[in-house]
Amino acid sequence: MARIRSIKPEFFDDEELSRLTPLARLMFIGLWLWADREGRLKDQPARLKRNILAYDRCNPDALLDALAGAGVIVRYESSGERFIQVKHFLRHQRPHIKEVPSTY
């Protein structure tokens, strides 16, 4: 389920992120919406493309790789499933107190 998140003005001044394509930066913001309260979500590129970049022609797996290469996410596997951890998520987001705890 998508959630309400915040974008701080500093996002647009981040030099590391500025090296990424606009679609990669938009994908990064979109990940926040689908991440749980700990910044974790399933690594499902096709689903993420549909939910975040439905109208854009792009390779979501390549965008996720670019974000991982920039060090802003970690793609990992646990119990045979693939996941994404948005690094430093809780430094920048304040999940609602009633959001359910992470199951990942």
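Here is a short chat about how this predicted model is described.

Biologist: What makes up the chain, in terms of helices and strands?

Modeller: There are five helices and three strands. Going along the sequence, they come in the order α-α-β-α-α-β-β-α.

Biologist: How do you know whether the chain is a compact globule?

Modeller: Set its radius of gyration against the rule: for 104 residues, a compact globule would come out near 13 Å, and the chain has 13 Å, so the two agree. As for its extent, the C-alpha atoms fill a box of roughly 35 × 35 × 25 Å along the principal axes.

Biologist: What makes a residue count as buried, and what percentage of the chain is buried?

Modeller: A buried residue has under 20% relative accessible area. By that cut-off, 37% of the 104 residues are buried.

Biologist: Why is a set of residues called a nonpolar core, and which members touch the most others here?

Modeller: The name applies because its members are buried residues of kinds such as Leu, Ile, Met and Phe, joined through side-chain atoms within 4.5 Å. The largest one here has 23 residues, and Met27, Phe28, Leu31, Leu67 and Ile73 touch the most other members. Helices H2 (22–34), H3 (45–52) and H4 (60–69) and strand E3 (81–86) each give two or more residues to this core. H2 has the largest share, with seven residues.

Biologist: Which residues does Leu31 touch, leaving aside those up to four places away in sequence?

Modeller: Contact means heavy atoms within 4.5 Å. On that basis, Leu31 touches Leu41, Leu48, Ile52, Leu64, Leu67, Ile73, Ile84 and Val86.

Note on methods: Residues numbered from 1 in each chain as written. Predicted model: local features only at pLDDT ≥ 70, side-chain atom pairs only at ≥ 80, totals over all residues. Heavy atoms only, no water. Helix = DSSP H or I, 4+ residues; strand = E, 2+ residues; numbered from the N terminus. Rg over C-alpha atoms; globule rule 2.2 N^0.38 Å. Buried < 20%, exposed > 50% of the residue type's maximum accessible area, 1.4 Å probe, protein only.
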